[in-house]
Amino acid sequence: MNTANKLTIFRMILVPVFMIFLFSDINNAQYIAAAIFILASITDALDGHIARSRNQITNFGKFMDPLADKILVSSALISMIELGKIQAWVVVVIIAREFAITGLRVIAASEGITIAANKLGKIKTVTQLIAIITLLFNNYPFRLINFPFDQIMIYVAVFFTILSGIDYIYKNRKVLHSGDR
């Protein structure tokens, strides 16, 4: 197993560890959870870079890397509902988009077409990660100046989630009509 795939597996292992700390009663557990989430997020960028730079792209990585990302982000977002930090509709929009685009990719793959991540998809991911991290840190340091950066980032993330979803569907609309022939 190559380094990139090991990082993907490590990210999957970090999800339950993140959850344990997030809901733990020990001192500073939420900040430890935030640090674990950041570490897991860094492995996402790192595994992709390593796979591309070392020409170690595998079918395992193509499948597991996006799955690990979705599990990490979905776990964090659903937890934010439980903690009262985010509204459920926001999480539903984000997760629904992920299901829709994953479905589109499955349809495309059945036609022998690969739908690669694009710039809007990467912006979506970054804005979601920033929103989650600021929520985990209770909007620190912005709360010191009474600036709702965490809430602004949630709406920025929702905007890019919707925009990137529309973009993927529009640019790959032929895939959706391929079975109509």
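**Burial, cores and contacts: terms and values**

Colleague: Why does phenylalanine 18 count as buried?

Modeller: Its relative accessibility is 0%, and buried means under 20% relative accessible area (exposed is over 50%, partly exposed in between; 1.4 Å probe, protein chains only). Phenylalanine 18 therefore counts as buried. This is a predicted model, in which local features need pLDDT of at least 70 and side-chain atom pairs count only at pLDDT 80 or more, while totals for chains, interfaces and linings use all residues. Residues are numbered from 1 along each chain as its sequence is written, and side-chain values use heavy atoms, with hydrogens and water left out.

Colleague: What makes phenylalanine 18 and phenylalanine 37 an aromatic pair, and why is the pair called tilted?

Modeller: Rings of Phe, Tyr and Trp (its six-membered ring) pair if their centres lie within 6.5 Å; planes under 30 degrees apart are stacked, over 60 edge-to-face, and the rest tilted. Here the centres are 5.5 Å apart and the planes 50° apart, so the rings pair and the pair is tilted. Phenylalanine 18 belongs to helix α1 and phenylalanine 37 to helix α2, 19 residues apart; helices are DSSP runs of H or I with at least four residues, strands runs of E with at least two, numbered from the N terminus. Phenylalanine 37 is likewise buried, at 0% relative accessible area.

Colleague: Which residues have the most contacts inside the largest nonpolar core?

Modeller: Phe18, Phe37, Leu77, Ile86, Ile132 and Leu136 do, in a core of 29 residues. Such a core is a set of buried Ala, Val, Leu, Ile, Met, Phe, Trp, Tyr and Cys residues joined through side-chain atoms within 4.5 Å. A second, separate core has six residues, including Leu104 and Tyr168.

Colleague: How do you know that the side chains of asparagine 118 and aspartate 167 make a polar contact?

Modeller: They are joined at 2.9 Å. A polar contact is a pair of N or O atoms within 3.5 Å; within protein, one must be able to donate a hydrogen and the other to accept it, and residues adjacent in sequence count only if both atoms are side-chain atoms. The value lies within the limit, so the pair qualifies. The asparagine 118 side chain also reaches the backbone nitrogen of glycine 121, at 2.8 Å.

Colleague: Is asparagine 118 buried or exposed?

Modeller: Asparagine 118, in the loop between α4 and α5, counts as buried because its relative accessibility is 16%.

Colleague: What makes arginine 105 a charge over the ring of tyrosine 168?

Modeller: The criterion is NZ of Lys or CZ of Arg within 6 Å of the ring centre and within 35 degrees of the ring normal. The charged end of arginine 105 sits over that ring, 5.1 Å from its centre.
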